[in-house]
Structures are given as C-alpha cells and as structure tokens.
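User: I'm new to this one and would like to learn how to read it. Could you walk me through it feature by feature?

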Amino acid sequence: MNVDRLFESLLAIPKSELTFWQEMFMRFYRAWFEADRWQTYFKGLGVTLEVTVIALSIGVVLGVLVASIRVAHDQQYPGNRNIFLSIADKICKLYVTVIRGTPMTVQLLIWGLVVFASSREFNLVGALGLGINSGAYVAEIIRGGLMSLDPGQTEAGRSLGLGYIDTMRFIVIPQGFKAILPSLGNEFIVLLKDTSLLTVIAGKEIVYFAKSIGSNTYDYMFPLLITAVMYLIMVLIFSRLQSRLERRLQKSDRR
C-alpha cells in the first residue's frame, strides 16, 4: 500500500529533519492506519449510534407520556379537576425540574456509580441515563408545541364528537409535530453529542476508543480530531435529513 510505503520511508529520516507536514502525516498514520486502528473508530461509532437510538427511544416515550399528562391537566375545565391527574402532573413537574436543573455528567455518575454500581453494562446504563435526561427536554418541547396551538382546534374536535384521545391524535398532534420538528431535531443532535459523556462511567463508545488509541500512541491530537470529525459528519448528515423532512412538510401544507 502506498501509504504504508510512505510511512516506512519517513521512518528512515531523522525526526529533526522531517518537515512539518511529514511529521503530521506520521502522527495521522499512527492514529488511523497503523494496526488497522480505523476499525476501532468505527467500532466505537457503532456503539455511539446504538446508545443514541436506545436513549432516543426512551426519551421520546418519556417525553410523550409526560407532555400528555401535563397538557391534559392544563386543559381541564375549571371546577372539574381530576385529583389523580393533578398528582401525576406534580410528579411530572418535579421530574422535569430535577432533570433540567442538574448537569448531565452528574446524572450519569449517579446512575453509573450509585444506582447501578454493581452493573457492568456501562453502555446500557449510560443509554438509560441519557434517555431519562432527554425525556425531560422532549416533554417540554412537545408540551410547548401543543399548548401553542389555537384552543379552538381542540374544541372543534370535541364539537365533531371526537374524544380527547382522538382529538389529540387526528387534529392536535399532526399540527403540533410540524411546529416542534426543528426543536426535536436539535434535541436529537444534542443527545448524539452527549453520548461522549459515557466515558465518565467507563462506557465504551467512540471517545473511549479514541482515548485508548491516544494512550497507545502517546499522541491524543489526531485520535480526538478524528473523533470530532466523525461527530461533525453525523451531525451534518442528520441536519440535512431534518431539513429535507421540514421542506417536505412545508410542501404538503401548501397543497
């Protein structure tokens, strides 16, 4: 392979005589090509995507549940309050307040070193922690989108004989989804990048492997730069897909 031959030829040159670019190439070669280390990065990337999907699923389920409870509570008619719904609403408010008011790193440490201290499934514990954190933000995004709609939409559904669930399903949620899509997309991007925090509880994702390569080569610059570029590419790809979905929804509105 030409790259291997070039590296071997540069090894014969004294380090003091190497040009800046030759030295950079050797450092990049050790971080990416040597011992097929590029496969390690993609192994970590696979774990990162897997954790993101699990955490996103947990976050969406929690977010929809919490948002539904809070919206249902806020839309109750005066004098016709459901005590069980009020209790559930207070629990949801407490959950959102605590999660949004404490750092993600601290939450992960609590999950990994306290709640599941005996578990060795660091990636799953991290995914759970990320999902519970994301659920609080998703809940507020969904609740804000639903509450921003004209109350007349809900009343129109009721006047047509639809129950609360059917009104939300067929009238309110489809309109609210278009309004909250950009915010949900941003939350997914934040969640994707937050997977890098799994290293604090020994989660083995892409940053973990990059640090491992850096410790083997005694050079952290290129392993971390490669990791940053891989994250950037993933974010750009998702942002592109999100933009296409938003444009498609806008076209359907014009029709």
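Analyst: Happy to. Let's begin with a definition: helices and strands are DSSP runs, and they are numbered from the N terminus. Read that way, the protein chain follows the pattern α-α-α-α-α-α-α-α-α-α. Keep in mind that this is a predicted model.

User: How many helices and how many strands are there in the protein chain?

Analyst: The count is ten helices and zero strands.

User: And what share of the protein chain counts as buried?

Analyst: Buried means under 20% relative accessible area. Of the 255 residues in the protein chain, 37% fall in that group.

User: What is Tyr41 in contact with, leaving aside its neighbours within four places in sequence?

Analyst: Quite a list: Ala31, Trp32, Ile206, Ala210, Ile213, Pro223, Ile226, Thr227 and Met230.

User: Next, aromatic rings. How do I read a pair of them?

Analyst: A pair of aromatic rings is described by the distance of the centres and the angle of the planes. A search of the whole structure finds twelve aromatic pairs. One of them joins Phe28 and Phe33, at 5.9 Å centre to centre with 85° between the planes. Planes over 60 degrees apart count as edge-to-face, so the Phe28 and Phe33 pair is edge-to-face.

User: Are Phe28 and Phe33 buried, exposed or partly exposed?

Analyst: Phe28 has a relative accessible area of 26%, so it is partly exposed. Phe33 is partly exposed too, at 23% relative accessibility. Both belong to a cluster linked by ring pairs, together with Phe7, Phe25, Tyr29 and Phe222.

User: How do I read the packing of two helices, say H4 and H6?

Analyst: Look at the angle between the axes and the distance separating them. Helix H4 (residues 83-101) and helix H6 (residues 122-147) pack at an angle of about 115°, with axes 9 Å apart. The crossing of H4 past H6 is left-handed.

User: Which residues of H4 and H6 make the contact?

Analyst: From H4 come Tyr95, Val96, Ile99 and Arg100, while H6 brings Ile132, Asn133, Gly135, Ala136, Tyr137 and Glu140. By kind, the residues of this contact divide into six nonpolar, two polar and two charged.

User: Where is Ala35, and what is its phi?

Analyst: Ala35 sits in the loop between H2 and H3. Its phi is near 60°, a positive value in a residue other than glycine. With a relative accessible area of 68%, Ala35 is exposed.

User: What about Asp36?

Analyst: Asp36 is also in the loop between H2 and H3. Its phi is positive as well, near 50°, again in a residue other than glycine. At 42% relative accessibility, Asp36 counts as partly exposed.

User: One last stop: where is Ile110?

Analyst: Ile110 lies in helix H5 (residues 104-115). Its relative accessible area is 43%, so it is partly exposed. Ile110 and Ile201 are 91 residues apart along the chain, and 9.4 Å separates their C-alpha atoms.

Conventions
Residues numbered from 1 in each chain as written. Predicted model: local features only at pLDDT ≥ 70, side-chain atom pairs only at ≥ 80, totals over all residues. Heavy atoms only, no water. Phe/Tyr/Trp six-rings, centres within 6.5 Å; stacked < 30°, edge-to-face > 60°. Buried < 20%, exposed > 50% of the residue type's maximum accessible area, 1.4 Å probe, protein only. Contact = heavy atoms within 4.5 Å. Axes fitted to C-alpha atoms, helices over the stretch in contact; angles between N-to-C directions. Helix = DSSP H or I, 4+ residues; strand = E, 2+ residues; numbered from the N terminus. Left-handed = near helix turned anticlockwise from the far one by under 90°. Nonpolar A, V, L, I, M, F, W, Y, C, P; charged D, E, K, R; others polar.
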